[in-house]
Amino acid sequence: MATLEKIRSKSGLLIVVIGLALLAFIIGDALTNSRNIFGDHTTVAKIGSAKVDITEYQQKREQLNQQLEDARRQNPASVANFDTQTLPELAIQQLLQEQLLLNAADKAGIQVTGNLLRHYLLEMPGNQDVMRLVQQLNQAGLGVQSAQQAYELIFNPKRNGMTDAQMEPYQRLWLSVENSTKADVARQIYARILQKSVKANDLDKKALYNDYVNTAQVKLAYLPFGTLDEKEYPVSDAELKKMYDEKKNDFKVDEATKDVSFIAVSIAPSQKDLEDCRQLAERTVKALSDSASQLSKDLKKDGVVLTHHALRASDLPNGLMKDFILNGPKDSVKLVSQNMQGFSAVRVTGRTSEIDSIQVNVVMAATVDLGKKLKSQLNAGLPADSITVRFSADSVMPQLNQWIPLYTAQGATNALAKETLDSLVNAGGKYITINEGAQGMVIASLVKQNAPVTIYDYDEVNYVLGPSTKTVNDEREKLEKFLAANPNAADFAKNAEKAGFTAQRLSLTQSSPAVPRMMGMNSYFPESRQVVRWVMIDGKPGQVSHIYEAKSATNPVLYAVAVESSYDDYTPLSNPDVKNYLTEQVRRSKAGDKLVEKYSKNTQSIETAAKAMGVDVRTLDTFRFGMSGNVRDAAVMGKINGTKADNKVVIVKGDDGVYVYQVTGKKKENFPYNEQQYAQQYLQQINPNLIQMLMGNNKLKNNIYKFEAGD
């Protein structure tokens with residue numbers, strides 16, 4: 001069934017956006033070919049009455065881009081493996097889903113006004129748009145602490161010492177936030193209504209309950225098909241066509257699709273590149289040993305990078321490098337790693353004893369005169385914790401017993417200038433002036449300092465190995481020769497393996513974010529959106545593309561693609577995945593018929609049948625419909641469940657093998673009926689897709705690639 005699942009995975013809009021689905025990069029100015037789309041020059045995507053305009057698409061991309069940057073600052077690891085090629089499609093999916101819900105809410109007459117709107121605008125703390133507006137007011141020097149204060153300031157400016165003209169831009173912004181909030185809340189209300197509309201009736205709940213409490217005692221023998229001989233079970237074109245017609249709806253597609261053969265050539269360093277890297281490592285180590293200065297221009301030009309570090313022992317990188325830094329003599333050099341990725345070397349430059357953190361009392365005064373007065377009184381014995389009692393809170397700000405790290409895992413923090421640190425240490429606990437000026441004065445005293453620790457100074461040298469220009473050009477020339485000799489799709493697919501290439505068969509749509517590494521997996525070849533664009537915009541069945549390249553100094557990849565077929569309703573029988581899947585289905589059906597006929601004469605008892613089949617009999621004391629791991633075929637499971645407990649031996653074919661079973665008894669378990677439990681179980685089983693419900697039979701028309709430039 002894996003093949004069929006691959007076929008079913010083509011729908012781009014059926015993906016429900018979850019988790020970090022708010023990430024994007026800016027589309028820039030690369031917008032071309034935007035005419036004559038649906039008769040609307042600005043429609044990027046459309047489904048039914050819901051459509052995405054280029055302006056809102058760009059706004060969404062910019063919004064997602066900002067959220068991506070925020071995520072990178074707050075938690076870089078959370079977006080480290082995020083493929084930005086998926087972002088255009090993510091933006092379209094979000095906008096279409098929002099529009100589908102809003103259209104449905106409008107049609108249902110849902111309006112967000114009065115107290116409900118007031119709640120979401122003024123009382124609900126999680127309204128991000130309102131929070132951003134409050135932030136903008138504060139950045140403009142208009143101090144407000146809440147949405148209510150912002151509203152009062154914006155719409156009653158004179159009462160707050162402002163003019164209508166000054167507040168007019170914020171009034172427009174507030175009205176924009178109000179409109180977007182109305183739309184958001186209307187969508188939320190309709191989504192909840194739609195979700196609640198999908199529920200089990202009494203018959204559904206009782207059926208689930210009965211399936212659980214009604215059990216059977218079954219004896220079972222099972223012979224799997226295994227690998228079926230093609231010669232023993234041949235499959236004709238007529239049989240394939242018949243099976244295709246029966247299962248055609250399984251192959252329905254939601255948007256225009258093209259089947260392609262795709263070649264990706266990942267270029268690794270050659271043996272010559274590896275040898276050159278080895279020689280470069282030798283030259284680098286020698287240059288470091290001969291001179292304590294920086295790298296030569298030639299080494300830098302070759303890509304060797306030197307970084308100076310000053311770290312505590314606990315912060316040194318583990319391994320051979322750490323051992324050498326801790327124990328190696330000054331100015332000594334060692335090559336600590338060399339492999340397919342490049343090399344690393346280290347040079348010990350010195351060791352010093354430094355204070356890595358101090359504890360201080362810091363007091364900020366509003367004026368220099370007040371700062372001098374404070375310093376004098378504190379140094380005369382005034383307790384630091386009495387400052388806020390002696391002086392008004394708006395004139396002084398004490399920060400007592402604050403630890404200041406001078407070194408972290410990244411090295412020196414430069415939190416204090418060396419002169420300032422020396423002055424604090426030499427002041428004997430007295431307060432000294434740290435800074436003074438028009439903004440006031442900062443004074444501080446040393447409370448405590450950690451014992452000095454050893455700081456290890458060293459130079460780390462790294463070189464990342466990638467294929468040379470010659471290696472890349474050699475691989476390109478090889479691929480160019482293959483394309484010249486195989487200019488059509490049929491030859492491209494047939495001869496790829498003989499030429500040393502792997503041709504991957506894929507189905508692509510306008511909603512494909514890029515070329516997938518494996519069908520059904522959210523992992524894509526780098527910079528392969530350009531390939532999808534050519535396929536969907538320019539590629540015709542039978543045509544072969546030119547070479548595309550994912551440019552990278554260390555991991556370049558060359559691409560070529562051939563278009564095999566194009567369709568927009570059902571995946572055709574000519575599709576290799578469909579043909580292989582149906583061929584296997586026909587072959588299994590034939591094998592099942594033959595094996596049932598063969599073993600039917602051995603059904604005097606289930607033990608006799610099992611012996612003839614060469615398998616064991618399994619006794620299942622509690623067989624429940626839909627809950628038996630011993631029977632994987634749903635149709636067979638249903639037959640067993642519907643069979644009377646008459647001890648009759650029954651032989652049937654399944655999708656995965658031949659089953660012989662005997663129902664020896666039935667009983668009803670004594671479990672109480674819990675209506676809520678089975679209502680929840682019903683929802684879990686059907687797992688309603690709200691967006692698919694709103695889409696109905698409408699097809700997605702996605703033209704994003706007509707708005708994006710590509711090579």
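The largest cavity is lined by Asp259, Val260, Arg505, Leu506, Ser507, Glu564, Asn575, Pro576 and Asp577. A cavity here is a set of points, on a 1 Å grid over the protein atoms alone, where a 1.4 Å probe fits but cannot get out, and lining residues have an atom within 4 Å of a point. Strand S4 (257-266), strand S15 (503-509) and helix H19 (576-599) are the elements that give two or more residues to this lining; helices (H or I, at least four residues) and strands (E, at least two) are DSSP runs, numbered from the N terminus. This is a predicted model, in which local features need pLDDT of at least 70 and side-chain atom pairs count only at pLDDT 80 or more, while totals for chains, interfaces and linings use all residues. Residues are numbered from 1 along each chain as its sequence is written, and side-chain values use heavy atoms, with hydrogens and water left out.

S15 gives the most to the lining of the largest cavity, namely three residues. By type, the lining splits into three nonpolar, two polar and four charged residues, where Ala, Val, Leu, Ile, Met, Phe, Trp, Tyr, Cys and Pro count as nonpolar, Asp, Glu, Lys and Arg as charged, and the others, Gly among them, as polar. The space inside comes to about 50 Å³, a volume being the space filled by probe spheres set on the points, with grid points joined across faces, edges and corners. The count of cavities of 30 Å³ or more is one.

Next comes Asp459, which sits in strand S14 (residues 453-464). Asp459 is buried, with a relative accessible area of 5%; buried means under 20% relative accessible area, exposed over 50%, and partly exposed in between (1.4 Å probe, protein chains only). Its side chain makes polar contacts with the side chains of His308, at 2.9 Å, and Arg347, at 2.8 Å. For such a contact, a pair of N or O atoms must lie within 3.5 Å; within protein, one must be able to donate a hydrogen and the other to accept it, and residues adjacent in sequence count only if both atoms are side-chain atoms. Neighbours within four places in sequence aside, Asp459 is in contact (heavy atoms within 4.5 Å) with Leu306, Thr307, His308, Ala345, Val346, Arg347 and Thr349.

Arg632, by contrast, is exposed, at 58% relative accessible area. Arg632 belongs to the loop between strand S18 (618-623) and helix H21 (634-642). Not counting residues up to four places away in sequence, Arg632 touches Tyr222, Asp656 and Tyr659, and a polar contact of 3.2 Å links the side chains of Arg632 and Tyr222. Gly654 is 22 residues from Arg632 along the chain, with 8.8 Å between their C-alpha atoms.

As for salt bridges (a side-chain nitrogen of Lys or Arg within 4 Å of a carboxyl oxygen of Asp or Glu), the structure holds 35. One of them pairs Lys241 with Asp245, with 2.9 Å between the closest N and O atoms. Both partners lie in helix H9 (residues 237-246), four residues apart, about one turn of the helix. Lys241 is partly exposed at 44%, as is Asp245 at 43%.

Helix H10 (residues 271-290) holds Glu275 and Arg278, three residues apart, and their salt bridge has its closest N and O atoms 2.5 Å apart. Glu275 is partly exposed at 31% relative accessibility, and Arg278 is partly exposed at 32%. Lys286 and Asp290 also lie in H10, four residues apart. Both are exposed, and they form a salt bridge with the closest N and O atoms 2.9 Å apart.

Notes
On a 1 Å grid over the protein atoms alone, a cavity is a set of points where a 1.4 Å probe fits but cannot get out, and a pocket is an open set with protein on both sides within 12 Å along at least five of seven lines; lining residues have an atom within 4 Å of a point.
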